[in-house]
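Please examine the sequence and the structure shown below before reading on. The paragraphs that follow are meant to be read beside them.

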Amino acid sequence: MADGRYEEPEFTSERLVTSSADDVERAAEAALRPKRLEEFVGQSVVRDQLSLVLQAALARGAAPDHVLLSGPPGLGKTTLAMIIASELGTSLRVTSGPAIQHAGDLAAVLSSLEEGEVLFIDEIHRLARPAEELLYVAMEDFRVDVVVGKGAGASAIPLALPPFTVVGATTRAGLLPAPLRDRFGFTGHLDFYDAPELERVILRSAGLLGVEIHHAAAHEIAGRSRGTPRIANRLLRRVRDWAQVRGDGRLDLTAARAALEVYEVDPVGLDRLDRSVLDALCRRFAGGPVGLSTLAMTVGEEPDTVETVAEPFLVREGFVARTPRGRVATAQAWSHLGLTPPAGAPGSLAGTLFDDAGTDPEGGSGNLQGL
Ligand SMILES: Nc1ncnc2c1ncn2[C@@H]1O[C@H](COP(=O)(O)OP(=O)(O)OP(=O)(O)O)[C@@H](O)[C@H]1O
């Protein structure tokens, strides 16, 4: 840009509203991470409970119990792990389930820990079984058994570890084996954020990015962020780009709306893929039910993409219901697209009623996967 204000956008994710992040995005996020518990927005129950755990440990002068953090991506698990270490005045060592291929890799990490350090294991549900077993012992007895030699002559030499704290993060707490889950003295579950909380995240981040933002713009971005701070921060950066390049640098409501229109994120946070799934369901299949593979073929995507990328949010927000006979559009989907469902369609008043579990009370039972 002639005035030199425009920086190359750092956007690399394929979808603006995905809740996961790649390495480039994580680097951009680093500057926005809260460093202390009091800066961490929302999640008041977990924050309060964690604050007690940490204060008690500090008062005792001992390492706190191991902490398990569960919840969907982008809600702040890594951020909380970093905060735990900084509140304890110690350092954080970071690894992840997929990065530990062999038990020996974990033994090497554990045996290099210093007293009181925090070991963050992201995606802990993806640890290989032998590493998991080694971790039980290390968490419970602060010991690793180092195996020396091979075959019949192999022997295990116990190595004492200094006290430390494991912070495990998982998007799938249900996949953790009970013996591992039981070794965490505190488990915090992170939930999606409400719009006022996301607004606070956005106002805070704008301050850190050194940009002025109107409350109305923060409110608009919050409403499109799918309950996820990571998405809120990403949308904020895109609105900032728009304001710099096409606007007058101000992040007001006009800039927020115009930017998010360019990026095809609609007022409730649906993007092009989400809307094309709804559109196909309503216009092509009269609201369904329709099988996953037919639906995916219609929108030109793989069934797996529709099932794992678009569907979770559409189901969570009540646009789509999964039934034993396939996917159906709800009344909310029709109204979001500005359409009227034909009489008898699932989303119409006279259409099939669904119980709370989203199952058709008159339909058969069955495995919903792959429908
Ligand atoms: N409560 C919060 N207050 C302010 N910012 C937050 C909060 N939670 C998350 N963020 C911001 O959102 C981004 C993503 O958070 P984080 O990396 O901690 O998520 P995560 O749950 O660990 O995701 P993943 O499972 O993908 O690693 C970070 O930039 C972080 O600063």
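The model is a predicted one.

The next feature is a pair of helices. Helix α11 (272-284) packs against helix α13 (residues 303-316) at an angle of about 80°, and their axes are 10 Å apart. Angles of 65 to 115 degrees count as roughly perpendicular, so α11 and α13 are described in that way. On the side of α11, the residues that take part are Leu273, Asp274 and Val277; on the side of α13, they are Val306, Val309, Ala310, Phe313 and Leu314. The contact of α11 with α13 comprises seven nonpolar residues, one charged residue and no polar ones.

The backbone also deserves attention. Most peptide bonds are trans, and most residues other than glycine have a negative phi.

At one of them, the peptide bond from Gly288 to Pro289 is cis, with omega near 5°. Pro289 belongs to the loop that runs between α11 and α12 (292-299).

Another is Glu123, which is not a glycine and yet has a positive phi of about 45°. Glu123 is located in the loop between β3 (118-122) and α5 (129-141). Is Glu123 buried or partly exposed? A residue is buried if 20 or more other C-beta atoms lie within 10 Å of its own, and exposed if 12 or fewer do. Glu123 has 18 such atoms within 10 Å, and therefore it is partly exposed.

The remaining place is Phe142, a residue other than glycine whose phi is positive, near 50°. Phe142 is situated in the loop between α5 and β4 (143-148). Because Phe142 has 16 C-beta neighbours inside 10 Å, it too counts as partly exposed.

Definitions and conventions
Residues are numbered from 1 along each chain as its sequence is written. This is a predicted model: local features need pLDDT of at least 70, side-chain atom pairs count only at pLDDT 80 or more; totals for chains, interfaces and linings use all residues. Helices (H or I, at least four residues) and strands (E, at least two) are DSSP runs, numbered from the N terminus. Axes are lines fitted to C-alpha atoms, for helices over the stretch in contact, and angles run from 0 to 180 degrees between N-to-C directions. Angles under 35 degrees count as roughly parallel, over 145 as roughly antiparallel, 65 to 115 as roughly perpendicular and the rest as oblique. Two residues are in contact if their C-beta atoms, placed from the backbone, lie within 7 Å. Ala, Val, Leu, Ile, Met, Phe, Trp, Tyr, Cys and Pro count as nonpolar, Asp, Glu, Lys and Arg as charged, and the others, Gly among them, as polar.
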